[in-house]
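Colleague: I have a model open and would like to go through it with you. Could we take it residue by residue and then turn to the wider picture?

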Amino acid sequence: MLILECPYCGVKAEETELTAGGEAHLKRYGPGSSDDEFEGYLFTRENPMGVHFERWRHSNGCGKWFHAARSTTTLEVFGTYSAQTTEPPQEIKDKISARHPGWSWRDQS
Amino acid sequence: MQTPLKRYSAFAIAREALRDHTGWQRAWRKAQPKKRYDVVIVGAGGHGLATAYYLGKNFGITNIAILEKGWLGGGNTGRNTTIIRSNYLQDPSAAIYEKARSLYETMSQDLNYNVMFSPRGVMMLAQTEHEVRGYQRTAHANALQGVATEFISAQRVKELVPIMNINGPRYPVLGALWQPRGGSARHDAVAWGYARACSAMGMDIIQKCEVTAVRQEGGKVKGVTTSKGDIDCEKLGLVVAGHSGALADMAGFRLPLESVPLQALVSEPIKPCMDVVVMANTVHGYMSQSDKGEMVIGGGTDAFNSYTQRGSFHHLEETVRALVETFPMISRLKMLRHWGGIVDVTGDRSPILSKAPLEGCFVNCGWGTGGFKAIPGSGWGFAELMARGQSPLTDEFGLNRFTEGRFIDESVAAGVAH
Ligand SMILES: Cc1cc2nc3c(=O)[nH]c(=O)nc-3n(C[C@H](O)[C@H](O)[C@H](O)COP(=O)(O)OP(=O)(O)OC[C@H]3O[C@@H](n4cnc5c(N)ncnc54)[C@H](O)[C@@H]3O)c2cc1C
Ligand SMILES: [Zn+2]
């Protein structure tokens, strides 16, 4: 059972209180972009075995969207943070690096 | 030199019974990897093994290694609820799934291995007005595709499955899409039967051999690095279901899919009470009775990415809660086991059988929650694609469909689809 703390209202929400919204930090491409860029944005996903950044909505709570950093192999949660950002905050990156030496934030498209 | 494989037969059973079963051979050889093969298949699940089998049978290519990081059939092929049907909406789907279903009809004879194919009929319940219209549309599409299905009334549903409560109140049964020649088969036997036939053709099935890197030279595939050393090959087939993203990453490209857990559970064995397969897509539940008497129940996928081979408990709870309304008698059953598998889900819920961006490399994945039924058809088409560079069965399932916006959309029509 997955438990994430909503960064807005501070509630430790169990997963039935939340709605998963897929990979976070996607770069949005619109009209005028190339076919490959558009395909990448719409369909291609990191789908990593390991650290994953994703969007969640506290749907049965405050209703707001937030981001979470989580491991897809151990289900460890590294932290949650505001959705008003294009990159995970430094403290979350540090936490992940501490658990996975050599890990680095790469630019996800 | 290997001793030739003895055929299984009624006579063989009698012979072995008279000599304390001392004469049975290993079903397939233990093999150590050679330095080089014409074709290397990564993943000894049903799709990988079937691909190798039809490469040998239809194209005479037998210098093949099938590499498996765990044990043969230990992935989704050994974890599914074994539903076989071909009542899809889109023409390319109908073609490949019906090819597969028809190959299942004669698979036991073809492989000389009893896969226990049981065409007992698959019933997809319509429990909302929307589903009634959707399934009527599918029945019409199937008529044009030459797939035998029909839309049946709630009354007929009750006749076929007397243990069902069709009156709701929450999910009344309004009718069903009925495919009389759909059914189930023994999943392990499908993997074992193909493995035995591949081994008999001289192919090497190498278990506990994990691929850790894909080696390339001049933009072309050169081979793989594994836990048992480097293996070179001319052509490489990646057939690893939920781990396709990881293998694609090794080969330097990305795939339009995500890996999520899908769960199933079985009850204690009970006397025969239901001789068809029932799917209820509105409530994401489906059920059949195994030959041992267990009720085999499958549920929905988790909503978030995971490689843990176990899903969230609340999904099981939701599935069982909804099924209890339609099958009141199961409320008294004890559930014995539950498990999960990692399924690879694409945006249009259709598979990818395609040349990869790396020359000499091919991918067969994206079967998601419903690829057991497709194993022989997928192997047939993918073998042709790998041998000839093109196959009418796989043409529409290429990676380019995502760039070109040419989806084979089965998600709307078929709901969860298994
Ligand atoms: C709970 C559940 C219920 C399902 N129910 C149905 C159903 O009723 N009907 C239906 O049609 N389908 C169903 N499916 C889907 C079906 O099981 C799959 O689509 C199908 O089995 C996929 O077969 P495969 O051969 O592609 O993959 P798998 O059988 O998963 O084989 C892939 C193999 O690749 C191996 N591998 C992975 N990485 C590596 C590596 N690096 N090196 C070497 N080997 C590697 C794995 O160990 C695995 O054995 C269900 C799935 C699940 C999980
Ligand atoms: Zn909140």
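This is a predicted model: local features need pLDDT of at least 70, side-chain atom pairs count only at pLDDT 80 or more; totals for chains, interfaces and linings use all residues.

Colleague: Does B:Asn80 count as buried or exposed?

Modeller: B:Asn80 counts as buried because its relative accessibility is 18%, and the cut-off for buried is under 20%.

Colleague: Which backbone atoms lie close to polar atoms of its side chain?

Modeller: There are two to mention. The backbone oxygen of B:Asn76 is 3.0 Å from a polar atom of the B:Asn80 side chain. The backbone nitrogen of B:Thr82 is 2.7 Å from a polar atom of that side chain.

Colleague: And what does B:Asn80 touch, leaving aside residues up to four places away in sequence?

Modeller: With those left out, B:Asn80 touches B:His187 and B:Phe372.

Colleague: You mentioned B:Thr82. What is its phi?

Modeller: B:Thr82 is not a glycine, yet its phi is positive, at about 60°. B:Thr82 also belongs to the loop between strand 2 and strand 3 of chain B. With 13% relative accessibility, B:Thr82 counts as buried.

Colleague: Where else is there a positive phi at a residue that is not a glycine?

Modeller: B:Met116 is one such residue, with a phi of about 55°. It is located in the loop between helix 4 (107-111) and strand 4 (122-126) of chain B. B:Met116 counts as partly exposed because its relative accessibility is 33%.

Colleague: Why remark on these backbone features?

Modeller: Most residues other than glycine have a negative phi, and most peptide bonds are trans.

Colleague: On that last point, which residues does a cis peptide bond join?

Modeller: B:Gly168 and B:Pro169 are joined by a cis peptide bond, with omega at about 15°. B:Pro169 is in the loop between helix 6 (154-160) and strand 6 (175-179) of chain B.

Colleague: Let us change topic to the metal. What coordinates the zinc ion (ligand 2)?

Modeller: The zinc ion (ligand 2) has four donor atoms: SG of A:Cys6, SG of A:Cys9, ND1 of A:His58 and SG of A:Cys62, at 2.0 to 2.3 Å. Along the chain, these donors follow the spacing C-x2-C-x48-H-x3-C.

Colleague: What is the geometry of that site?

Modeller: The site is tetrahedral, with angles of 101 to 118° among the four donor atoms. For reference, the ideal angle for four tetrahedral donors is 109.5 degrees.

Colleague: Now the interface. How many residues from chain B and chain A take part in the contact?

Modeller: Chain B contributes 22 residues and chain A contributes 21 residues. The area buried between the two chains is about 2100 Å², and carbon and sulfur atoms give 57% of it. On the chain B side, B:Arg254, B:Phe304 and B:Tyr307 lose the most area to chain A, together 32% of what that side buries.

Colleague: What polar pairing does the rule find across the interface?

Modeller: The rule finds one salt bridge. B:Arg254 forms a salt bridge with A:Glu46, where the closest N and O atoms are 2.9 Å apart. There are also nine residue pairs in polar contact across the interface.

Colleague: Which element supplies the largest share of the side of chain B that touches chain A?

Modeller: Strand 12 of chain B does, with three residues.

Definitions and conventions. Residues are numbered from 1 along each chain as its sequence is written. Chains are lettered from A and ligands numbered from 1 in the order in which they are written. Side-chain values use heavy atoms; hydrogens and water are left out. Donors are N, O and S atoms within 2.8 Å of the metal (3.2 Å for Na, K and Ca); water is not among the atoms, so sites may look incomplete. Four donors count as tetrahedral if all angles lie between 85 and 135 degrees; four count as square planar and six as octahedral if opposite donors are over 155 degrees apart and all others between 65 and 115; anything else is irregular. Contact means heavy atoms within 4.5 Å. Buried area is the accessible area (1.4 Å probe) that two parts lose on being put together, summed over both. A salt bridge is a side-chain nitrogen of Lys or Arg within 4 Å of a carboxyl oxygen of Asp or Glu. A polar contact is a pair of N or O atoms within 3.5 Å; within protein, one must be able to donate a hydrogen and the other to accept it, and residues adjacent in sequence count only if both atoms are side-chain atoms. Helices (H or I, at least four residues) and strands (E, at least two) are DSSP runs, numbered from the N terminus. Buried means under 20% relative accessible area, exposed over 50%, partly exposed in between (1.4 Å probe, protein chains only).
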